[in-house]
Structures are given as structure tokens and as C-alpha cells.
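Please look over the protein shown here before reading on. The report below describes how its parts are arranged.

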Amino acid sequence: MPQLHKHFNVSSQVALDELVLFIEQKHPDLNILINNAAVQYNYNFMDEPNIVNKADYEISANLTTPVKLTALLLPVLLKNNPSTIVNVSSGLAISPKMTAPVYCATKAAIHSFTKALRYQLQDTGIKVFEIIPPIVETPMTEGRGKSKISVGQLANEFLANFSKERYESYIGKAKLLRLIHRISPLLADAIMKKGL
Ligand SMILES: NC(=O)c1ccc[n+]([C@@H]2O[C@H](COP(=O)([O-])OP(=O)(O)OC[C@H]3O[C@@H](n4cnc5c(N)ncnc54)[C@H](OP(=O)(O)O)[C@@H]3O)[C@@H](O)[C@H]2O)c1
């Protein structure tokens, strides 16, 4: 089994170029890209002194990087088709929470990007999936939130949808949130405003 695990700071352009080179040279048979890395900062625009840097990093890690990685790895994925792109958004793409405005905006953007990319690639051998998780027990949610699901639960639900080629995978309570949002966007917004 070739060694695939290597850590890159994908928010740096130099590291991104290095990553693409690494894949082209060591893993030219790559046929899946999972855009999972992200950061969430909670802050208030009224009292956060470091807002520009924090927002910049969130937008870079959560939005610009998945877009760039998709563009840079598209030739490899096309060559190795059938292949797959999986983007991870969030239930917060449906209705944002007050404390993480930029994070929520990047997730709404990823949702929209993923859908439009799926349209563009529909006649290629690349399938574009989106995971829309609820709150999950990971370091990102340490010390906050209730009724978190495990990473294993998320993976099982996603894999069931993946095998049925359900391109948008609303997981756990994100399904309920989507339904509520369809019936009453105002109610969904009110539920999510303070976070879970
Ligand atoms: N947890 C939730 O409740 C939840 C809910 C909805 C959506 N999501 C989404 O699920 C995905 C996974 O989140 P998680 O909960 O597993 O978060 P996490 O525990 O904070 O893990 C995030 C991962 O992203 C990596 N990462 C962040 N910035 C990076 C960068 N610039 N370059 C390379 N790697 C970077 C981190 O690596 P390092 O540890 O090395 O920094 C870490 O492995 C994210 O897209 C998140 O938005 C999570």
C-alpha cells in the first residue's frame, strides 16, 4: 500500500502546488478528492480585534482552497474517471448561527459551488457529492453543542447515500432542518440563530 498520508497546509498557495505535484508524481491514479478541511471561528464583529485575519483564513481554508484544489486536480480526476469529488458543507449552510458568520457564509458558498460544479461535470466521469452534516463530535465542536452524532454515524449515512448515488447527503438532524426550512425558513433561522 503506498503511503498517502502527508500533511499540507492547504491555505498556502506554495503548499497547494506542492500537494498537486506530490499527487501527480506519487499518486497519478487518484480518483477521489474529499474537500473536508475547514476551520470555524466564533466571534462578534463588534468586539473581535483580529477579524480581518480570522475571516481571511476561514474563507481561504473553507472556500478558496476547495475551489482551487478542484481546479488543480481536475485533469488527474478526468484522466482516472470514473472519479469522485466530495465536498463537506454544513447544516449551517441552510440557516446560519449568529456566532460564526463567516464560517456559515463559506458553507453556504460551498453548497452552491458544489451544485453548479455537479452541473458542469455531469457529462464527464466525475460525480460530485456533498455531505451536509449536523453537529458532529469532533475537535471542532469540543466543549459546545448537544446531541452530537459520531463521525462513524456520519460516515455510515453518507456511504449509504453514496452507494445509491444520492448526491446531496443531508445527515441526521440536517434532514429535519432542511424540511423545516422548506416549510418555514423563518422557523429554521430561529432554531439555528443561537447555535445548537
Ligand atoms: N464537527 C461538526 O459539527 C461539523 C458540522 C458540520 C460540518 N462540519 C464540517 O466537517 C468538516 C470536518 O470538520 P471537523 O469537525 O472534523 O473539524 P476539525 O475537527 O476541526 O478538523 C478539521 C480538519 O481540517 C484540517 N485543516 C484545517 N485547516 C487546514 C489547512 N489550512 N490545511 C490543512 N488542513 C487543515 C485540520 O487539520 P489540523 O488539525 O492539522 O489543523 C483538521 O484535520 C469541515 O468541513 C467542517 O466544516 C463539521
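## Basis of the model

This is a predicted model, in which local features need pLDDT of at least 70 and side-chain atom pairs count only at pLDDT 80 or more, while totals for chains, interfaces and linings use all residues. Residues are numbered from 1 along each chain as its sequence is written.

## Overall fold

The protein has six helices and four strands. Both kinds of element are DSSP runs numbered from the N terminus: helices are H or I with at least four residues, and strands are E with at least two. Read from the N terminus, the order is α-β-α-β-α-β-α-β-α-α. The radius of gyration is 17 Å, close to the 16 Å given by the globule rule for 196 residues, so the protein is as compact as a globular protein of that length. The radius is taken over C-alpha atoms, and the rule is 2.2 Å times the number of residues to the power 0.38.

Along the principal axes, the C-alpha atoms fill a box of roughly 50 × 40 × 30 Å. Of the 196 residues, 26% are buried. A residue is buried if 20 or more other C-beta atoms lie within 10 Å of its own, exposed if 12 or fewer, and partly exposed in between, with C-beta atoms placed from the backbone. Two residues are in contact if their C-beta atoms, placed from the backbone, lie within 7 Å. Among contacts between residues at least 6 apart in sequence, 65% join residues at least 24 apart.

## Helix α2 and its partners

Helix α1 (residues 13-26) packs with helix α2 (residues 51-79) at an angle of about 20°, and their axes are 11 Å apart. Axes here are lines fitted to C-alpha atoms, for helices over the stretch in contact, and angles run from 0 to 180 degrees between N-to-C directions. The helices α1 and α2 are therefore roughly parallel to each other. Angles under 35 degrees count as roughly parallel, over 145 as roughly antiparallel, 65 to 115 as roughly perpendicular and the rest as oblique. On the α1 side, the contact is made by Leu16, Val20, Ile23 and Glu24, and on the α2 side by Lys68, Leu69, Leu72, Leu73 and Val76. By class, this contact has seven nonpolar, no polar and two charged residues. Ala, Val, Leu, Ile, Met, Phe, Trp, Tyr, Cys and Pro count as nonpolar, Asp, Glu, Lys and Arg as charged, and the others, Gly among them, as polar.

Helix α2 also packs with helix α3 (residues 101-120), at an angle of about 10° and with axes 9 Å apart. The helices α2 and α3 are therefore roughly parallel as well. Residues of α2 in this contact include Ile59, Leu63 and Val67, and those of α3 include Ile110, Phe113 and Leu117. The contact of α2 with α3 divides into eleven nonpolar, three polar and two charged residues.

## Helices α5 and α6

Helix α5 (residues 173-183) and helix α6 (residues 185-192) pack at about 135°, with their axes 5 Å apart. This angle makes α5 oblique to α6. Leu177, Ile180 and His181 of α5 meet Pro185, Leu187, Ala188 and Ile191 of α6. Six of these residues are nonpolar, one is polar and none is charged.

Ile180, in helix α5, counts as buried, with 20 C-beta neighbours inside 10 Å. Its C-alpha atom is 9.7 Å from that of Ile191, eleven residues away in sequence.

## Residues in the loops

Pro82 lies in the loop between α2 and β2 (83-88). A cis peptide bond, with omega about 10°, joins Asn81 and Pro82.

The loop between β3 (126-132) and α4 (151-163) holds Ser147. Although Ser147 is not a glycine, its phi is positive, about 50°. Ser147 is exposed, with 9 other C-beta atoms within 10 Å. Ile135 is also found in the loop between β3 and α4, but Ile135 counts as buried, with 21 C-beta neighbours inside 10 Å. Leaving aside neighbours within four places in sequence, Ile135 is in contact with Thr141, Gly145, Lys148 and Leu196. Glu165, in the loop between α4 and β4 (168-170), has a positive phi of about 55° and is not a glycine. With 8 C-beta neighbours inside 10 Å, Glu165 counts as exposed.
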